[in-house]
Amino acid sequence: FLLPPDLYSFKMVTLKMNLAQAGVVWSIAGVFGLAGSVIGGYVADRFAGERGRAYVLVPVIGAVGSFMAYAVAFSQSDPTLVVVACIVAALFHNLRNGPEFAAIQNIAPSRMRATVAATYMFGATVLGGATGPLLTGALSGVLSRRAFGQVHGGFDLACPGGHAARGAALDLAHACASASADGLRAALLWVNIAIFLVAGLLYMSSRTIRINHD
């Protein structure tokens, strides 16, 4: 659910970063994410066992770790702490990449592995890639309106596009920026709960997973 568009907006709105600065942070996080992918794959293969439980347990560790790191990032105001937490979250979040694909291939019959992989990618892309940013944006708008209140005619009228119109009074500009940041921060905290729920589902699957030798 938490994808680059959400995190770019978070860095730019709440940390007052410009696009270039947010891009630098995201690039560093990307390097750590690649490292997480390699580490996750190695650890899962090392401890897979006869049933291949590590292929879902490593993503559990990644989900819990990224949930905690994102929770820190989205609840703190210290820019350094927020950036470090986002980078740590990227490492944990990507522990799942290799093991999840391996788990899918392990449990699918040989005649269905391509179809199962395609179905997984469809779900991850359509449900995750499309639903995540839309849900975050819609929730952010609702929470921003609530944070702004009904002054100046309400958030939508006073803050078109999430910020005050050019030439608006300084106090209104500050109120719009504050409401936008608070709404986005709160929305990301709520959406982050999905990662924790995924950890629970993965752990449940680890109790019954079996490698299909068909």
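**A disulfide and a helix crossing**

A disulfide joins Cys159 to Cys176, with an S to S distance of 1.9 Å. The model is predicted: local features need pLDDT of at least 70, side-chain atom pairs count only at pLDDT 80 or more, and totals for chains, interfaces and linings use all residues. Residues are numbered from 1 along each chain as its sequence is written, and side-chain values use heavy atoms, with hydrogens and water left out.

Reader: What makes the pair Cys159 and Cys176 a disulfide?
Author: The term requires a pair of cysteine sulfur atoms within 2.5 Å, and the S to S value here is 1.9 Å. A search of the whole structure finds 1 disulfide.

Reader: Why is the disulfide of Cys159 and Cys176 called left-handed?
Author: The torsion about its S-S bond is about -80°, so the disulfide is left-handed.

Reader: Why does Cys86 count as buried?
Author: Buried means under 20% relative accessible area, exposed over 50%, and partly exposed in between (1.4 Å probe, protein chains only). Cys86 has 5% relative accessibility and therefore counts as buried. Cys159 and Cys176 are buried as well.

Reader: Why is α2 called oblique to α3?
Author: The axes of α2 (residues 19-46) and α3 (residues 54-75) come within 8 Å and cross at roughly 140°. That makes α2 oblique to α3, because angles under 35 degrees count as roughly parallel, over 145 as roughly antiparallel, 65 to 115 as roughly perpendicular and the rest as oblique.

Reader: Which residues make the contact?
Author: With contact meaning heavy atoms within 4.5 Å, Gly40, Val43, Ala44 and Asp45 of α2 meet Ala54, Tyr55 and Val58 of α3.

Methods. Axes fitted to C-alpha atoms, helices over the stretch in contact; angles between N-to-C directions. Helix = DSSP H or I, 4+ residues; strand = E, 2+ residues; numbered from the N terminus.
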